[in-house]
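Me: Could you take a close look at the ligand site in this model, and at what surrounds it? I would like one connected account, with the cut-offs stated.

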Amino acid sequence: MTDSSKPGRSGRGSAPRRATRRPSTPRKAARRAAPKDEPPLGADALARVVVDKLHVMQAAGPATATPNDWYMAFAYAVRDQLLGRWRHTVLAFARPDIKVVAYFSAEFLVGPHLGSALVNLGLVDAARGAAEALGLDLDAVLAQEEEPGLGNGGLGRLAACYLDSLSTRQVPAIGYGIRYEFGIFDQVIRDGWQVEITDKWLRLGNPWEIARPERTFGVGFGGRTETWKDEAGRHRVRWVPARLVQGVAYDTPVPGYRVPHVNLLRLWRAEACESFDFDAFNTGDYYGAVEDKVVSENLSKILYPNDEPAGGKRLRLEQQYFFVSCSLQDLIALHTQMGGSLDALPEGFAVQLNDTHPSIAVAELMRLLVDEHLMDWDEAWPITTRALAYTNHTLLPEALETWPVSLMGAVLPRHLEIIYEINRRFLDEVRRRYPGDDGKTARLSLIDEGGGRSVRMAHLAVVGSHSVNGVARLHTELLKAHVLRDFHALWPGKIRNVTNGVTPRRWMVQANPDLAALVTARIGHGWIRDASALEALAPLADEPAFRDEWRRVKLGSKRRLAEVIRRRTGIEVDPASLFDIQVKRIHEYKRQHLNVLHVVTLYNRLRRGEAAGEPPRTVVFAGKAAPGYWMAKRIIRLITAVADVVNGNPAVAGRLKVVFLPDYNVKNSMPVYPAADVSEQISTAGKEASGTGNMKFALNGAVTIGTLDGANLEIREAVGADNFFLFGLTADEVATMKAEGYVPRDRYHADPELHEAIDQIAGGAFSAGDRELFRGLVDGLLERDEYMLLADYRAYVDGQRRVAEAFADEPRWTRMSVLNTARSGCFSSDRSIKEYCETIWHAPPLLEG
Ligand code: 26Q
């Protein structure tokens with residue numbers, strides 16, 4: 001093994017780790033290992049390196065190079081600039097007084113690497129110059145990169161923003177996950193419908209990863225358990241798996257912004273175990289050996305979309321266990337390799353579980369400590385709970401993961417035993433606390449005894465962690481009051497809040513370079529690292545000259561998005577119109593169809609000449625529907641159907657346009673946020689845990705129309721109620737209205753504009769007379785309306801009217817826009833990471849140099 005494949009403690013075998021908790025004060029890194037202060041590469045030097053890479057990595061020359069060859073050459077050239085700093089950081093991990101954050105996540109939606117690396121290394125100008133010298137356009141080179149779509153949406157993207165902030169704050173960290181061969185599907189729109197295309201992101205190679213074929217761990221599945229007695233005569237358990245798979249590490253460097261600190265993203269790929277192949281081969285079963293290879297490799301083949309209920313998907317459970325086991329084995333190896341004792345593991349590593357997807361870690365760490373390292377249970381349990389912490393990302397009961405006991409027993413028999421033992425001890429504590437309260441015991445149990453018995457993974461995560469956090473203030477309060485109420489009563493103080501954040505490096509510096517330049521020209525560049533400094537823009541909101549510049553930048557961004565829309569959909573939109581944008585996964589609770597009801601209402605008013613003073617509007621949607629989610633796919637069809645009719649009607653030409661931008665992903669989202677005037681954050685109150693798109697929009701100067709849901713509350717509080725368009729029921733009102741018997745059909749009868757819009761959709765006005773196409777969708781609204789669209793319709797339409805009035809007042813609107821940016825600094829992921837470091841991980845930054 002090369003030493004860079006041992007990020008934790010390579011070459012430091014004798015230094016023992018201290019077992020005491022240290023304060024969160026910055027550590028100074030060893031000077032001896034500091035990288036040489038090389039001058040940053042200039043354009044000519046970079047161009048020479050690129051040509052060299054073209055030759056040595058692609059076997060191509062400038063005359064024959066394809067666009068991909070050029071991209072690869074740039075990528076290798078820039079990646080090489082990271083390697084020295086990477087090794088330096090990795091060496092610093094070896095110090096005994098350093099705590100490393102291990103972020104366990106089934107998803108990392110990092111987006112294209114090259115652009116980020118250029119920004120973080122300060123090489124944007126050099127790269128632009130190098131491209132020019134080589135007769136290339138840097139933007140075209142950047143556009144070549146196929147992004148790793150290793151996530152569904154918010155949760156995976158959050159993990160990526162957190163890695164960026166951990167590196168920028170110089171906190172030693174490893175992101176652990178799965179190297180899916182096929183990430184989230186690519187979306188194309190055919191005849192108005194979503195069609196899913198396999199995401200072959202590795203087809204042209206991945207210059208950013210380094211395979212570590214020697215960094216492997218075995219992971220067992222199935223089989224049985226046996227008991228045995230150790231030398232001391234103690235009862236021990238051994239797991240005899242039926243099948244063994246091997247995880248191979250693939251490492252990607254994660255550079256911080258203009259700091260000599262590069263963290264590690266370590267993703268595991270599944271391979272067949274050679275020994276097993278060999279056995280089958282020796283007995284003449286060549287096909288059996290190959291089959292085992294295929295089955296094993298399936299484990300890291302595909303990212304599951306978040307559509308179906310969690311339970312029942314054996315491969316999904318196997319994936320979760322696979323990456324958790326590899327990652328914990330890796331941590332333990334790193335920790336012990338340099339002399340760390342196992343009881344000091346929580347001083348060496350803070351493991352964060354990103355939702356319940358990695359929560360089998362609780363049982364696996366216990367198994368590794370008790371069965372493999374022969375610890376006593378009572379010794380192992382506090383190590384486990386002190387090492388682990390859990391983040392919850394959902395309030396939707398159907399999204400809480402459970403696994404049937406039968407499936408868990410078949411795939412992970414030893415873990416099921418361990419879960420039962422954890423539960424037995426835990427429920428003893430519960431019964432002592434609440435004698436005779438069987439209801440309480442049943443509610444808190446790790447096992448749901450109703451119907452088919454199942455393991456409640458959120459309960460396992462809560463019991464096995466020292467800290468549990470929600471992702472926005474309201475979400476955390478709702479967790480304490482509902483989803484985790486009994487746990488909150490049992491362990492007050494264990495559930496805390498860390499509001500999500502987004503990295504200003506990707507979402508402003510990279511996505512919106514013109515705005516970033518304007519801001520920097522006025523307040524300096526400190527905001528890029530400390531976004532609270534954006535506050536200094538607030539007084540400029542009253543300066544007409546500054547507002548003019550602000551508007552000019554916004555118009556430029558809108559022109560660029562208009563060009564993207566034209567190129568990708570053929571629709572022409574007016575950059576001067578109000579850009580009203582809703583981009584996120586398609587889900588009923590996010591209520592894209594409420595937005596559609598407003599579009600239809602506006603369309604009707606315009607046709608009737610009832611919309612005097614209404615500014616021209618461009619309504620943009622983008623987002624993927626999970627392939628198995630019937631209603632979400634219908635909602636996309638509704639958007640495209642309404643778009644076709646509205647865009648094709650000359651009566652509203654120049655007044656209203658509707659766009660569905662296909663294949664929403666990190667790359668395609670980058671021109672979207674800067675171009676928004678209005679950000680649609682209209683989920684049913686109490687359903688969206690936080691949202692992070694809402695933060696990206698606000699940072700880029702969009703004004704939100706939104707409900708009191710997720711982080712919207714905090715955004716409204718930060719930017720000021722005057723600079724946010726609030727509408728709709730609160731979470732409490734939603735609950736009360738439902739309890740009192742909500743009848744959506746009454747709303748339909750009581751509101752003529754709503755009645756008309758629904759009738760048009762049902763009657764085929766947007767489907768060439770076809771009354772079947774949207775029948776299920778409309779019936780769902782009239783009969784159940786689970787997400788209260790009809791209850792919020794009037795408030796929303798009135799809110800949109802207020803938006804239109806404000807937009808028509810240019811100085812007022814621009815002021816609102818500036819103040820949104822100025823006051824959104826607290827939604828930087830740097831702030832979130834600081835809070836995690838100080839309150840949960842107790843992991844101080846490492847100050848280099
Ligand atoms: C689970 C089981 C089986 C298959 C898939 C899944 C699965 C996968 C991904 C379930 C959920 C997800 C993703 C959830 C997610 O993105 N949640 C969002 O997290 C954001 C970051 O905290 C929040 O801002 C959003 O509010 C929340 O919806």
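Reply: What follows describes the ligand site, then a loop residue beside it, and then the nonpolar cores.

This is a predicted model, in which local features need pLDDT of at least 70 and side-chain atom pairs count only at pLDDT 80 or more, while totals for chains, interfaces and linings use all residues. Residues are numbered from 1 along each chain as its sequence is written, and side-chain values use heavy atoms, with hydrogens and water left out.

The shell around the ligand has 21 residues, of which L155, H393, N500, E688 and G691 come nearest; a residue belongs to this shell if one of its heavy atoms lies within 4 Å of the ligand. By class, the shell holds eight nonpolar, nine polar and four charged residues, where Ala, Val, Leu, Ile, Met, Phe, Trp, Tyr, Cys and Pro count as nonpolar, Asp, Glu, Lys and Arg as charged, and the others, Gly among them, as polar. Helix α6 (residues 154-168) supplies the largest share of the shell, three residues; helices (H or I, at least four residues) and strands (E, at least two) are DSSP runs numbered from the N terminus.

In the side chain of N500, an N or O atom is 2.8 Å from an oxygen atom of the ligand. The backbone also takes part: a polar backbone atom of G691 is 2.7 Å from a ligand oxygen atom, and a backbone N or O atom of S690 lies 3.0 Å from a ligand oxygen atom. Of the 610 Å² of accessible area that the ligand has on its own, the protein covers 88%, as computed by the Shrake-Rupley method with a 1.4 Å probe.

T692 sits in the loop between β21 (678-681) and α25 (693-699). T692 is buried, at a relative accessible area of 11%, buried being under 20% with a 1.4 Å probe and protein chains only. Apart from neighbours within four places in sequence, T692 is in contact (heavy atoms within 4.5 Å) with G154, L158, N500, G501 and V502.

Turning to the cores, the largest nonpolar core has 147 residues, and F104, F322, M408 and W841 have the most contacts inside it; such a core is a set of buried Ala, Val, Leu, Ile, Met, Phe, Trp, Tyr and Cys residues joined through side-chain atoms within 4.5 Å. Helix α2 (residues 67-92) gives the largest share of this core, twelve residues. A second, separate core of 69 residues includes V646, L777, Y796 and F807.

Methods: Polar contact = N/O pair within 3.5 Å; in protein donor to acceptor, adjacent residues only side chain to side chain. Buried < 20%, exposed > 50% of the residue type's maximum accessible area, 1.4 Å probe, protein only.
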